[in-house]
Amino acid sequence: MARKRKQEEAPATGGWLNTFADLMNLLLCFFVLLFSMSTVDADKYEQLVTSMSDSISIFEDGAETVGEGSFISTGTDQIVTISQYYNEFEESGEDSDAHKSDASDANKTTDGNGDNPDSTQNAVADAIKQLEAAQADARKRKTEEIYHKVMGQAQKGNIEDDLTVNMDKNYTYVQISLSGAILFDSGTAEIKKSARSLISKVGDILKLYDNHMIKIEGHTDNVPISGGQYKSNRWLSTARATQVCEYFEKHKKINPENMESTGRGEYDPVASNKTEKGRAQNRRVEIKIYTDN
């Protein structure tokens, strides 16, 4: 009797699952290895998790991830997508670090508008210097104009020999200097009758600059006062300056708000007090017409 052939065993189904599982394990080990070798930045990692979660629902509920066979049915595509996200994550991290470094270097030399702060400050400083230079030049021209006009008026009134006109080195005022010996008797602050014509003509000149600040300063020599109405040279110099100021106010109607009188005593000499000539020069009244209104 012939032997019966063994029934052929039915081929196993689903054997590919073992191969796929091995592949997944290898890939998992590969990415774990890469992850362990990288430096994780919390912000970058959060961005990666968010991107992956939004795209393939990883790191959320397992049913969502593998539910209804969606992960397995498109497993290859999802794995490629994960790799792409990982590479993009690494590249974005390098770009971000490079951008931060570039921005840090740029911030050292530029401000928020892309301008160099040093260049901006230098430009502002140059502009200020140019403005100050222009203002100084305009003030100089104006002071020189006042000076020449005062000299012309003094010559017109034939008083140029009785006074001295000059300008300060910064061109802020024109100064008229009158001898104290011409204006006052020794130890007094009353203007001499013989000097009133001179003072009147000086007042006519000042009237042209009624809108300018006018300062009147009294000066004396260093010889102490003994007796008399004034107890010191400062008191005497102040009284003399005040007398001149009040004369201009009363007789020339110069605006008193624009006039100022002070006494300097012997503390601002223009010559040596060791000689009679020097002391005579120090006894004076100075009238300063300021350039700026």
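Author: Rings of Phe, Tyr and Trp count as a pair if their centres lie within 6.5 Å. Please note that this is a predicted model.

Reader: How many aromatic pairs does a search of the whole structure find?

Author: The search finds two aromatic pairs. In one of them, the ring centres of Tyr173 and Tyr290 are 5.3 Å apart. Their planes stand at 55°, so this pair is tilted; planes over 60 degrees apart would count as edge-to-face.

Reader: Where in the chain do Tyr173 and Tyr290 lie?

Author: Tyr173 belongs to strand E2, residues 173–179, and Tyr290 to strand E5, residues 284–290.

Reader: Is Tyr173 buried or exposed?

Author: Tyr173 counts as buried, because its relative accessibility is 15% and buried means under 20%.

Reader: And what kind of pair do Tyr247 and Phe248 form?

Author: Tyr247 and Phe248 form an edge-to-face pair, with 6.2 Å from centre to centre and 75° between the planes. Tyr247 is buried, and Phe248 is buried too.

Reader: Let us turn to the backbone. Which value does phi of Tyr171 take?

Author: Phi of Tyr171 is near 60°, a positive value in a residue other than glycine. Most residues other than glycine have a negative phi. Tyr171 is in the loop between strand E1 (163–167) and E2. With a relative accessible area of 25%, Tyr171 is partly exposed.

Reader: What about phi of Lys253?

Author: Phi of Lys253 is likewise positive, near 55°. Lys253 sits in the loop between helix H9 (233–251) and strand E4 (259–265). Its relative accessibility is 59%, so Lys253 counts as exposed; the cut-off for exposed is over 50%.

Reader: Now the charged residues, please. How many salt bridges does the structure hold?

Author: The structure holds eight salt bridges. One of them joins the side chains of Glu217 and Lys288, at 3.3 Å from N to O. Glu217 lies in strand E3 (residues 214–219) and Lys288 in strand E5, so the pair ties together parts that are 71 residues apart in sequence.

Reader: Are Glu217 and Lys288 buried or exposed?

Author: Glu217 is buried, and Lys288 is buried as well.

Reader: Which residues are linked in a network of salt bridges?

Author: The network links Asp221, Glu276, Arg279 and Arg283. Within it, the side chains of Glu276 and Arg279 meet in a salt bridge of 3.2 Å, N to O. Arg283 also forms a salt bridge with Glu276, the closest N and O atoms being 3.4 Å apart.

Reader: Why are Glu276 and Arg279 separated by about one helical turn?

Author: Because Glu276 and Arg279 are three residues apart in helix H10 (residues 276–282), about one helical turn separates them.

Reader: What is the relative accessibility of Glu276? And of Arg279?

Author: Glu276 has 48% relative accessibility and counts as partly exposed. Arg279, at 18%, counts as buried.

Reader: Finally, what is the relative accessible area of Arg283?

Author: The relative accessible area of Arg283 is 22%, so Arg283 is partly exposed.

How values were computed:
Residues are numbered from 1 along each chain as its sequence is written. This is a predicted model: local features need pLDDT of at least 70, side-chain atom pairs count only at pLDDT 80 or more; totals for chains, interfaces and linings use all residues. Side-chain values use heavy atoms; hydrogens and water are left out. Rings of Phe, Tyr and Trp (its six-membered ring) pair if their centres lie within 6.5 Å; planes under 30 degrees apart count as stacked, over 60 as edge-to-face and the rest as tilted. Helices (H or I, at least four residues) and strands (E, at least two) are DSSP runs, numbered from the N terminus. Buried means under 20% relative accessible area, exposed over 50%, partly exposed in between (1.4 Å probe, protein chains only). A salt bridge is a side-chain nitrogen of Lys or Arg within 4 Å of a carboxyl oxygen of Asp or Glu.
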